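Hi,

Here is the structure I promised to pass on. Have a look, and then read on for what turned up in it.

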Amino acid sequence: MKSPLLLAASLLVLSTVSYGFLETRALAHRHRLTGTTAGKFLTSEELWFSQILDHFSPYDHRKFQQRYYEFLDYFRAPSGPIFLKICGEGPCTGISNDYLGVLAKKFGAAVVSLEHRYYGKSSPFKSLETKNLRYLSSKQALFDLAVFRQHYQDSLNAKLNRTSGENPWFIFGVSYAGALSAWFRLKFPHLTCGSLASSAVVLAVYNFTEFDQQIGVSAGPECKAALQEVTSLVDQGLASNTKAVKSLFGATELKVDGDFLYFLADAAVMAFQYGSPDELCNPLVQAKKDGEDLLAVYAKYVNEKFSSVETYDQEYLKVTAITENSADRLWWFQVCSEVAYFQVAPANDSIRSSRVDTRYHLDLCKNVFGEGVYPEVDMTNIYYGGTKIAGSKIVFTNGSQDPWRHASKQISSSTMPSYLITCHNCGHGTDMRGCPQSPLCLEGNAQNCTSPEVVQKVRQKIIEHMDLWLSECVSGDSRNHMTM
């Protein structure tokens, strides 16, 4: 890590250039849910907040501009709740019109959403060199949320012409943002009445073999066997004619075989993670029964459904200029420095190639970010508690087919209930997004799920906990929502 003096010399104020960010593509190792399509926002009007760069230094007083959004149409002023939706590891281009909007209308809440530092337009620097990424961490992001929360409450009090008092706050997040939601309640219980941690990856994992194993379970025996045969054919093809195999998948630019094999594994993962398993499995299973070329069938699926290849190229991940796709480099830095989530092949019965192993991930981290960047998994789990998180008033939800659920808290307790949504296409963030999750369905419509009643049952449980915890905030004095 470079010295603070060198870092200070390189700091630049965030440019006001308007970047045209594209819809975010959800990657298995990036698992983000920030992308939406046009016309599906509660609001996309940008607002700005002056944020502290380093919350842990008593000497560094630099600040940067952080983007946020607010939606007040359902707000029952002056005492209605405030819902803080955490944006995760991608550009935050508005507040999505998903199930959160339904909840806001029900509770008469204002909705605010803060873009994660470094992502989208909220970068403190004009270059994403490794030395400039030292302030990119979940710990800094949590303090961003706390400082923003206080700023927004003070601003609201001023608008309402009151000198004191607080609205009840509730925190929401999906995936990595879901982990931030749980961690925020853990670290700042006095600042929120509770939180929803949807598909929250609270456990940093060095060798995440359970990820691949869940894909096998979600796929079922026939589809799993077909996917394993595809992997075997690809491994054989790489050994005999690398260029031909990569050309079949439109991925000749992936010079590192590990990048190519990761790309192919992710293509399968997306079907289960985001609730569309039949699109992948039905043609593969049928082709296997008919004795057709499985490699050609899988290549057709990949080329039609998963065509963006460059984000798997390590040379691309080295690009330090801020672009519409900078989130890939930024999230890999968080993976390589803090949480790992290395989706490695299990020793036996793996779907992904055995070449996607720990060494592949470590080599990628070193190649992209240089020496000294290493995931401090043990320290992360010590700091937050992993799945033994000792918080309270946190609702955890997971989809039964989502491979990420094994990094989430799945054992329920009285103050931290956990619900598993079980259905054929219940994936990542099902409670907030509906089924399938990609593309986003307006208002998180659960009717696309094979078992919409299961989704509705969990949503009702969420409402019950929110109603109770928000009531505890506003009854008596403000100390009620500090109870651990």
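Let me start with strand 3 (residues 63-71) and strand 6 (residues 110-114): these two run antiparallel and are joined by four bridges. In that pairing, Y69 sits opposite S113 of strand 6. Keep in mind throughout that this is a predicted model.

The two strands belong to an open sheet of eight strands, ordered 2-3-6-4-7-8-11-12, with mixed pairing. Its edges are strand 2 (47-52) and strand 12 (418-421), each of which pairs on one side only. On average, neighbouring strands in the sheet are turned by 25° against each other, ignoring direction.

Which helices lie across these strands? Two to look at are helix 2 and helix 3. Helix 2 (residues 99-107) lies across strand 4 (82-86), strand 6 and strand 7 (169-174), and runs at about 170° to strand 4. Helix 3 (residues 138-159) lies across strand 2, strand 3, strand 4, strand 6 and strand 7; relative to strand 2 it runs at about 125°.

Now for the charged pairs. How many salt bridges does the structure hold? The count is 20, and a few are worth a look on screen.

One of them is D98 with K85, where the closest N and O atoms are 3.6 Å apart. D98 is in the loop between strand 5 (95-96) and helix 2, while K85 is in strand 4, so you are looking at a link between distant parts of the chain, 13 residues apart. Are the two partners buried or exposed? With a relative accessible area of 4%, D98 is buried, and K85, at 16% relative accessibility, counts as buried too because the cut-off is under 20%.

Then there is K139 with E338, again with 3.6 Å between the closest N and O atoms. This pair also links distant parts of the chain: K139 is in helix 3 and E338 in helix 11 (residues 327-339), 199 residues apart. Here K139 is partly exposed, with a relative accessible area of 26%, whereas E338 counts as buried at 5% relative accessibility.

E222 and K289 make another salt bridge, their closest N and O atoms being 3.8 Å apart. E222 lies in helix 5 (residues 209-240) and K289 in helix 8 (residues 277-290), so this pair ties together parts that are 67 residues apart in sequence. E222 counts as partly exposed, at 47% relative accessibility, and K289 as exposed, at 56%.

There is also a network of salt bridges that links E46, R67, E115 and K121.

Finally, the overall numbers. The secondary structure of the chain comes to 15 helices and twelve strands. Of its 484 residues, 61% count as buried. Taking contacts between residues at least 6 apart in sequence, 74% join residues at least 24 apart. The chain exposes about 18,800 Å², with carbon and sulfur atoms supplying 52% of that.

Cheers

Terms used
Residues are numbered from 1 along each chain as its sequence is written. This is a predicted model: local features need pLDDT of at least 70, side-chain atom pairs count only at pLDDT 80 or more; totals for chains, interfaces and linings use all residues. Side-chain values use heavy atoms; hydrogens and water are left out. Two strands pair if DSSP finds at least two bridges between them. Axes are lines fitted to C-alpha atoms, for helices over the stretch in contact, and angles run from 0 to 180 degrees between N-to-C directions. Contact means heavy atoms within 4.5 Å. Buried means under 20% relative accessible area, exposed over 50%, partly exposed in between (1.4 Å probe, protein chains only). Accessible areas come from the Shrake-Rupley method with a 1.4 Å probe; for residues, only the protein chains shown count as cover. A salt bridge is a side-chain nitrogen of Lys or Arg within 4 Å of a carboxyl oxygen of Asp or Glu.
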